[in-house]
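Subject: Structure handover

Hi,

Here is the structure I promised to pass on to you. Please have a look at it first, and then read my notes below.

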Amino acid sequence: MSIDVHVTGGGTISNGELRADGGAIARCTLCTREVDASATIGEGASACAPCLRERLDALSVARFRLRESRSGSLPWGKVTG
């Protein structure tokens with residue numbers, strides 16, 4: 001799958017091929033706003049950096065929490081009383 005990047009006022013880069021277009025407008029289909037830049041994430045869908053970052057953070061937290069819930073122990077060591 002190729003990753004296309006759209007840059008507002010700059011154009012598009014698709015498969016490494018630059019297409020300059022001063023009238024280009026990048027849009028994020030996740031937050032439904034016009035943004036500085038967006039990258040394709042699937043058929044007809046694109047995401048801006050803040051939306052991508054938010055999802056990557058959620059992935060990291062979910063992996064950590066699910067991994068730790070299987071071990072049954074605290075991640076920072078034993079608590080003694």
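This is a predicted model: local features need pLDDT of at least 70, side-chain atom pairs count only at pLDDT 80 or more; totals for chains, interfaces and linings use all residues.

Strand S6, which covers residues 37-42, is joined to S7 by 3 bridges, and the two run antiparallel.

An open sheet is built from 5 strands, with antiparallel pairing and the order S3-S2-S1-S6-S7. Its edges are strand S3 (17-20) and strand S7 (45-47), each of which pairs on one side only. On average, neighbouring strands in the sheet are turned by 25 degrees against each other, direction ignored.

Next, the helix. Arg55 sits in helix H1, which spans residues 49-71. The side chain of Arg55 reaches the backbone oxygen of Cys51 at 3.2 Å. With a relative accessible area of 39%, Arg55 is partly exposed.

Finally, the cysteines. How many disulfides does a search of the whole structure find? The count is 0. For Cys28, the nearest cysteine sulfur is that of Cys31, 3.6 Å away, and Cys28 is in no disulfide; a disulfide would need the two sulfur atoms within 2.5 Å. Cys28 counts as buried because its relative accessibility is 2%, and the cut-off for buried is under 20%. Cys48 is in no disulfide either, and its nearest cysteine sulfur, belonging to Cys51, lies 3.7 Å away. Cys48 is buried too, with a relative accessible area of 2%.

Enjoy exploring, and write back with any questions.

Best wishes

Note on methods
Residues are numbered from 1 along each chain as its sequence is written. Side-chain values use heavy atoms; hydrogens and water are left out. Two strands pair if DSSP finds at least two bridges between them. Helices (H or I, at least four residues) and strands (E, at least two) are DSSP runs, numbered from the N terminus. Axes are lines fitted to C-alpha atoms, for helices over the stretch in contact, and angles run from 0 to 180 degrees between N-to-C directions. Buried means under 20% relative accessible area, exposed over 50%, partly exposed in between (1.4 Å probe, protein chains only). A polar contact is a pair of N or O atoms within 3.5 Å; within protein, one must be able to donate a hydrogen and the other to accept it, and residues adjacent in sequence count only if both atoms are side-chain atoms.
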